[in-house]
Amino acid sequence: MAAPINIHDFILKSYTEAKALSDSNLELTYGEEHVLPTTKEHGQQKCPALIYPFAASPLFEVPIKGSKLLLESNADENINKSITEITLNVADTGITWQPGDTIAILPRNPRKEVESLLYALDLSDKADLTCHIKVSPLCTKKTVKVPAHIPTTSTPRELLRDCINIRGVLKKQLLSSLANYCSDNDEVQFLKSLSSKEASSQYNDLIMEKGFTLLDILEVCHSCRPPLALLIEHLPRLLPRPYSIANSQLENAKEIQIIFSTLCDKPGVTTQFLMDKLQEEHPSIVMYLRQSNAFRYTTEEDFEKNQILIAIGTAMAPFLGFLQHKEHLSKQETKAAGGQTWLFVGATSQEAILHRDQLLNWQDKNVLNKFVEAYSRSSASDYKYVQDALHHHGDSIVELLSNPNTALYLCADGGEISKSIEKCLLEIFQEKLQISETEATELLKDYKAKGKYRLDVWL
């Protein structure tokens, strides 16, 4: 939940009201007063025509075989997140993968937030009653349909838990519509003002930067009681969350490992879902294998080539699979010598480097040929940021990249970190190759086009 606010601070003296959304496009009706039978099935699995992003397999319900805490949060040491590794039993799925491939997990919204929403919407006593969703007979728009991720027969709890992203960004038109369901005049003015053209800075501050969600709005607008049908139509779908596979199928074809971090102050929807799952007696999740791309380490193409691997934090996960795969291939007598593998990894501290002991072991065995660490909150390494390490080894990086059999892999978030590392690479090319910024940019663009520069970034 976001920090409480005074709504009067966001009410403008004059503004132009945004056009509200129609509230009669969808209709939610309750059947006979009976409770829909409880099922482990995810609500979106009840939508037969639903398309899952980048799916390369059917949906599978797989058991969580085990978990391991890799880094424990600690307020005294300014560690604001924990890092967890879980092992999934995929023996019955028949799926195959290469290091670098990803799976997607169908999450559920946090139970407390769902319960709070049900209460705020006056739906607690109807939470588990059968309901039906259809296009309203009053709707005049021919293009309106029930969203593909909404089952035609469900319950309010299932819809809010499984199908709707209740933390989704609230668009101005929806905020304007919410004002129509407030009985308090100050709350009406707050929502209409916030959704106006003149309130762009207030909207950006509250919704985009502070991350105010629907539940936050309902907490400060106590009289607001929008119909569930309006939210079903205008809040986004709760999407599957992708995770890199952190192990090689050569190590164990029956298990998949993934690694995720959990923020202490506001865990993500899926990470909270996974942490809650670990408290169950026989936990399982619904997942599917995602389509492959160039960001992978394959037996056929990559073993004899060189890799420069760059990772920040939990973005190390796919590279653990790379190195595990390479180690197994190195033991096969029919294989030629493997290529050089260099790893540059950034983290807050030595303890935050995923499986550091194993990385050192791979270095001793020359599976990992160069291992360079950077710690942003510790003086234990020579470098504070991974960009510092890359600059220091710029000559060697450029020399290795001059080999046609070298590929550079970057795994990081798709925001400022990945942009900063890419800028660092451009600076290295300019300095070491004595070329202009434009030429360096074209070189990197050419590397991307030829699969010599491979990215795995996320938001």
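Two rings of Phe, Tyr or Trp (its six-membered ring) pair if their centres lie within 6.5 Å; planes under 30 degrees apart make the pair stacked, over 60 edge-to-face, and the rest tilted. With that in hand, select Phe295, Tyr297, Phe319, Phe322 and Tyr409: ring pairs join these residues into a cluster.

A word on the ground rules before moving on. This is a predicted model, in which local features need pLDDT of at least 70 and side-chain atom pairs count only at pLDDT 80 or more, while totals for chains, interfaces and linings use all residues. Residues are numbered from 1 along each chain as its sequence is written, and side-chain values use heavy atoms, with hydrogens and water left out.

By the ring rule, the count comes to 10 aromatic pairs. Select Tyr243 and Phe260 to see one that is edge-to-face, with 6.4 Å centre to centre and 70° between the planes. Tyr243 belongs to strand β7 (residues 241-244) and Phe260 to strand β8 (residues 255-263), so the pair ties together parts 17 residues apart in sequence. Strands here are DSSP runs of E with at least two residues, and helices are runs of H or I with at least four, numbered from the N terminus. Tyr243 is buried at 9% relative accessibility, and Phe260 is buried at 2%. Buried means under 20% relative accessible area, exposed over 50%, and partly exposed in between (1.4 Å probe, protein chains only).

Next, pick Phe429 and Tyr447, an edge-to-face pair with 5.9 Å centre to centre and 90° between the planes. Phe429 is buried at 2%, and Tyr447 is buried at 13%.

**Stop two: charges over rings**

Show Lys172 with Tyr203: the charged end of the lysine sits over the ring, 5.4 Å from its centre. Lys370 does likewise over Trp342, at 5.2 Å. The rule asks for NZ of Lys or CZ of Arg within 6 Å of the ring centre and within 35 degrees of the ring normal.

**Stop three: Asp456**

Finally, select Asp456 in strand β14 (residues 453-458). Which side chain of opposite charge is nearest to Asp456? That is Arg290, 6.5 Å away, and the buried Asp456 has no salt bridge (a side-chain nitrogen of Lys or Arg within 4 Å of a carboxyl oxygen of Asp or Glu). Asp456 touches residues including Phe295 and Leu410, where contact means heavy atoms within 4.5 Å.

Notes
Lys and Arg count as positive and Asp and Glu as negative; His and the chain ends are not counted. Lists of a residue's contacts leave out its neighbours within four places in sequence.
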